[in-house]
Structure formats: structure tokens, C-alpha cells
Amino acid sequence: MSFVTRSHGDQAVTQKVPSARPRWAAGDGPGQRASTSELEAAYETFFRTHFTNVTRTVHLIVHDRARAEDIAQDAFLQLFRDWPRIAAYERPEAWLRRVAIPLAVRGLRRDALWSRVRGLFLPRLAPAPADPDVLEAVGRLPRAQRVAIVLHYYEDRPVAEIAALLGCGEATARVHLHRGRRRLAELLGEEGPDAPRR
Amino acid sequence: MPLDDRLRQALDDEAAGIEPDVGRHLAVVRGRARERGMPARRLAVAVAAATAVVLLAWGATIDPEGILDSLLEPQSVSAPGASTRSLDDDASIAGARTG
């Protein structure tokens, strides 16, 4: 599954679509290197195709739109610097996610640290409501479980890819996913689903 | 609705509400990429400017004729911080050691 932005009148709408694998750095013929202007144009196309979806995924992880846009920007900036090399990859978007997801996880880690520091000096906030909606429940998951849930349910990533993006083994990713779903079921007062098969 | 479907639906709905201004972000990323290339150049300019200032200050405070005199007559060296011990002192110390 990949994502594509289409124009509908003045609005660009990004949708999930089956993967079409463009070779972003390809010159006109086989074995030819793209010129600088071709690379620039390819980067712009790639940016317009993927920026929205990277931002959306990161937003679902960090639950903060402005920060999600900043993180997506940082990831695309790193991509820009390495674009001549990355453009030749089969799936530059996979490389991009391997940059963006850890940035989001790092952001969550900083948040957790700050909330612990704040907790030392400030009175505790009121406990979360007993029956949160789905998104709020996702936001209450530990970060690895949250990332696994978003990547699996929003991006339809198989366990192997989730493991690669989280930087852990497949078994660990499966555990994160399973525990995340079980915790969500508890929070939402539902029966837990079966473990992921992929 | 089963939990899996509920979850997918909620995440899809939430994500669909996020429509960043892609053109603006592209311009920002390009601008930041250009800025990233600057520090080395800025550092070189800053070092060159600092060197020029130091050289100018040194040129304004040092008397070239005084330096020339001191080079031609080593015994009369009396620059700040220089040893005030004379050659006679060295000779007497050498004499004391040998004799």
C-alpha cells in the first residue's frame, strides 16, 4: 500500500493506493544519471506525493499537528540532503519513514521525560475519563505500542516492516501490537481481537 | 463494530483531517537546506574578520621602529614580560656553577 495525492479542483487529496513504484532518480534511459534539475523536479514530486501522509502518520503517533508537521519537515530535510543517493532506491518512501518514525518516537520519549519532571513540581492533573474514545485510548498507549498500532491499522504495514521501523525484532513488534490491542480493548471496554497473523 | 474496524475507522478519520500546506512546507525545507550549507562559509568569514581586527589592533599598538631597535640590540630588550636578567647575571651564575 502506498499513498498518492490527487488534485480535485483547488484541493489536493491524498489517498491510500496500491503501490506504484516510481524510480525517482531515473534518467531518460537505462543506466543514465539524472541531471540536477531532474533530481530537483523528482524531489518536488516526491515531496508533494508523500508529505501529507508522513505528516498524518506522525500526527497519529504524537497527537500534535504542529509537531507532526515539524517532524515531517525534518525528515524531508534529511531526505533532501541525501536525495541524489536515496532517489535511486527502490522505495525512497521506506527510507523516509525510517527517519520520520524514530523522530516521532524520540519526541514521545522527550514528552514522557518532561511529564515526569512536571509531575515532580506540579499537582497531578485529573485522571483521564473512564471511557475514552478510540483516539484518546491510542494516545494513552506506551509509545512502542502506539507506533505499532498506527503503523498496522493506519498504514497497513506488516509486522516485519513495523519491526524494521521500530528497530526491534519481529517477535517484539508482534508483542507490542498484541499488547497494544489488548490494552485498547480494555480501555474501550471491548473484547480483544486475535493476534496479528502477518 | 469490531475493535479492529473501529480502530481503522478512527485513525483514517483523524488522519483525513490533516491537510498540511505542502507548498509552504516544500519552500521551508528548501530554505532550511540552503541555510544548512551556510555555516562553513559564515565561519570562514567570521574567522577572516576576527583575524583582520586582531591584525589592525596589533598594528595600531605596536611601534615598528621599537621592534626593529630591539632586534638589532638584544641587550636592550625590555618588552613587557621579558626577563630583566642581564648577560652579566648569566656570567656570574655560570661562574658560580663552575667555581
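Helices α3 (39-61) and α4 (64-72) of chain B each put at least two residues into a nonpolar patch, helices here being DSSP runs of H or I with at least four residues, numbered from the N terminus. The model is predicted, so local features need pLDDT of at least 70 and side-chain atom pairs count only at pLDDT 80 or more, while totals for chains, interfaces and linings use all residues. Residues are numbered from 1 along each chain as its sequence is written, chains are lettered from A in the order in which they are written, and side-chain values use heavy atoms, with hydrogens and water left out.

The patch sits on the surface and takes in L55(B), W58(B), I67(B), L68(B), L71(B) and L72(B), with about 680 Å² of accessible area together. Patch members have over 30% relative accessible area and no salt bridge, nonpolar side chains being joined within 5 Å; areas come from the Shrake-Rupley method with a 1.4 Å probe. The biggest giver is α4(B), with four residues, and L68(B) lies in that helix.

Turning to the interface, 28 residues of chain B are in contact (heavy atoms within 4.5 Å) with 38 residues of chain A. The two chains bury about 3,200 Å² between them, 62% of it on carbon and sulfur atoms; this is the accessible area lost on being put together, summed over both. L3(B), L11(B) and I18(B) supply 20% of chain B's share, more than any other three residues.

Six salt bridges (Lys or Arg side-chain nitrogen within 4 Å of an Asp or Glu carboxyl oxygen) cross the interface. D156(A) forms a salt bridge with R8(B), the closest N and O atoms being 3.9 Å apart. On the chain B side, α1 (3-16) and α2 (22-36) are the elements giving two or more residues.

Methods
Patch = residues over 30% accessible without salt bridge, like charges linked within 9 Å, V, L, I, M, F, W, Y side chains within 5 Å. Buried area = accessible area lost by both parts, 1.4 Å probe.
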